[in-house]
Amino acid sequence: MESVELHLTTGDTQRVVDLSDRCAAFLAHVVAVDGLLNVFVPHATAGLAVIETGAGSDDDLLALLDDLVPGGGPSSGRWRHRHGAPGHGRDHVLPAIVAPSVTVPVLGGRMALGTWQSVVLVDTNVDNAERRVRLSFVAG
């Protein structure tokens, strides 16, 4: 198995970060042929997804998360998890909805994604701008 850890700065706003180019570069670096690429984020307040980006779907995903899991401030009584910015408890339930890992088939050294699919980091936590993402390739 080949593995590397990426370090990303996501800033102080909710965001979806496309990791596809970084994943492709990693696969090229390890001279991957066929196998599986696992992408894992070791954080309690971030997740990973495979979605279309650049056409508004990334913003739609963040809006959907706001609808499904509204923030609310600490005084709202909504979240029992109280440290961090107002509504930060919401960030700690995100990985139950947007999983902390994805696995993508690799064929001929390339991710076998659909035409419009990208691997993305979903980060709603405005308190932690520094993120790590682990890429691991297991040859077939």
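Analyst: The face of helix H2 turned away from its buried side carries the exposed residues Asp59, Asp60 and Asp67. Here exposed means over 50% relative accessible area, buried under 20% and partly exposed in between, with a 1.4 Å probe and protein chains only. The model is predicted, so local features need pLDDT of at least 70 and side-chain atom pairs count only at pLDDT 80 or more, while totals for chains, interfaces and linings use all residues. Residues are numbered from 1 along each chain as its sequence is written, and side-chain values use heavy atoms, with hydrogens and water left out.

H2 covers residues 57–68, twelve in number. Helices (H or I, at least four residues) and strands (E, at least two) are DSSP runs numbered from the N terminus. From first C-alpha to last, H2 reaches 16 Å, close to the 16 Å expected at 1.5 Å a residue; the expected span is 1.5 Å times one less than the number of residues.

The buried residues of H2 are Asp58, Leu61, Leu62 and Leu65. Seen down the helix axis, they fall within an arc of 95°, so they line one face; the arc is that of the directions from the axis to the C-beta atoms. These buried residues pack against strand E2 (15–18), strand E4, helix H3 (89–97) and strand E7, where contact means heavy atoms within 4.5 Å.

Strand E7 also holds Ser118, which is buried, with a relative accessible area of 9%. Ser118 touches Asp18, Ser20, Ala49, Val50, Ile51, Thr53 and Leu113, leaving aside residues up to four places away in sequence.
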